[in-house]
Amino acid sequence: MASNTLNLIAILSLTISILLSSYPQPAFSIQMEDFDGEEEYVLDHPVIIPNLRSRSRFLKTSPTKDKIRKGADCDPHPSLNICKGISANNGTSLLYCCKTHCRNVLSDRNNCGKCGNRCKFGQRCCGGVCTNVANNVNHCGKCGNQCSSGVQCDNGFCGYA
């Protein structure tokens, strides 16, 4: 009786492992969404950095900045803020100061569309809108991944009917 039970358990565990290995994994992954590989944002228009430390009248010119490091510190005070709705990466990023860090509100899951707007589990921030990428033909598995005409999106994959 005990050997039959052990054989049954062995067969079931082997069957389950084969089934799990043949089932495709979803295209969306658990990662820091808003860090799409780039280390910094390239600003579409350079910004002037407020320089409050200089008290000399000879050093009145403020430096300009054409790049901002991802997650850079910022000051939420409007006159000191370098991330106040500035466009970056040829219009694909829109930077705002959320708490004390520059965030791209077009792709940040924790600040989607505006600071503090968190997307639900299984959603990604696509163009500033929380989107279910598991079954959306325009954002299948990830933002911007469109399925061919007439093809459905199922669990983040195009083509499963």
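**Figure 1. Glu40 and Lys67 form a salt bridge.** In this predicted model, the closest N and O atoms of Glu40 and Lys67 are 3.4 Å apart. Glu40 lies in strand S1, residues 40-48, and Lys67 lies in strand S2, residues 64-69, so the contact ties together parts 27 residues apart in sequence. Glu40 is partly exposed, at a relative accessible area of 33%. Lys67 is partly exposed as well, with 37%. Side chains of opposite charge can pair when their charged atoms come close. The structure holds 2 salt bridges.

**Figure 2. Arg103 meets Asp108 in a salt bridge.** The N to O distance is 3.9 Å. That value passes because the cut-off for a salt bridge is 4 Å. Arg103 is partly exposed, with a relative accessible area of 22%. Is Asp108 buried or exposed? Asp108 has 5% relative accessibility and counts as buried. The limit applied here is 20%: buried means under that value.

**Figure 3. Strands S6 and S7 form a hairpin.** Strand S6 covers residues 123-126. Strand S7 covers residues 129-132. The two strands run antiparallel, and 4 bridges join them. The hairpin has 2 residues between its strands. Gly127 sits in the turn, with a positive phi of about 65°.

**Figure 4. Side chains of strand S6 point two ways.** Which residues point one way from S6, and which the other? Gln123 and Cys125 point one way. Arg124 and Cys126 point the other way. In a regular strand the side chains alternate between the two faces of the sheet. Gln123, Arg124, Cys125 and Cys126 are all buried.

**Figure 5. Asn89 has a positive phi.** The angle is about 50°, although Asn89 is not a glycine. Most residues other than glycine have a negative phi. Where does Asn89 lie? Asn89 is in the loop between strand S3 (84-88) and strand S4 (93-98). Asn89 is buried, with a relative accessible area of 15%.

**Figure 6. Asn155 also has a positive phi without being a glycine.** Here phi is near 55°. Asn155 is found in the loop between strand S8 (153-154) and strand S9 (157-158). Its relative accessible area is 35%, and Asn155 is partly exposed.

**Figure 7. A disulfide joins Cys74 and Cys97.** The structure holds 8 disulfides, and this is one of them. The sulfur atoms of Cys74 and Cys97 are 2.0 Å apart. The link links distant parts of the chain, 23 residues apart. Cys74 lies in the loop between S2 and S3, whereas Cys97 is in strand S4. With 90° about the S-S bond, the link is right-handed. Both Cys74 and Cys97 are buried.

**Figure 8. A left-handed disulfide connects Cys119 and Cys130.** The sulfur atoms of this pair are 2.2 Å apart. What is the torsion about the S-S bond of Cys119 and Cys130? The value is about -85°, so the disulfide is left-handed. The pair links distant parts of the chain, 11 residues apart. Cys119 lies in the loop between strand S5 (101-104) and S6. Cys130 lies in strand S7. Cys119 counts as buried, at 14% relative accessibility. Cys130 counts as partly exposed, at 25%.

**Figure 9. Cys147 and Cys158 are joined by a disulfide.** The S to S distance is 2.1 Å. Cys147 lies in the loop between S7 and S8, and Cys158 lies in strand S9, so the bond ties together parts 11 residues apart in sequence. The torsion about the S-S bond is about -85°, so this disulfide is left-handed. Cys147 counts as buried, at 12% relative accessibility. Cys158, at 34%, counts as partly exposed.

Definitions and conventions
Residues are numbered from 1 along each chain as its sequence is written. This is a predicted model: local features need pLDDT of at least 70, side-chain atom pairs count only at pLDDT 80 or more; totals for chains, interfaces and linings use all residues. Side-chain values use heavy atoms; hydrogens and water are left out. A salt bridge is a side-chain nitrogen of Lys or Arg within 4 Å of a carboxyl oxygen of Asp or Glu. Buried means under 20% relative accessible area, exposed over 50%, partly exposed in between (1.4 Å probe, protein chains only). Two strands pair if DSSP finds at least two bridges between them. A disulfide is a pair of cysteine sulfur atoms within 2.5 Å.
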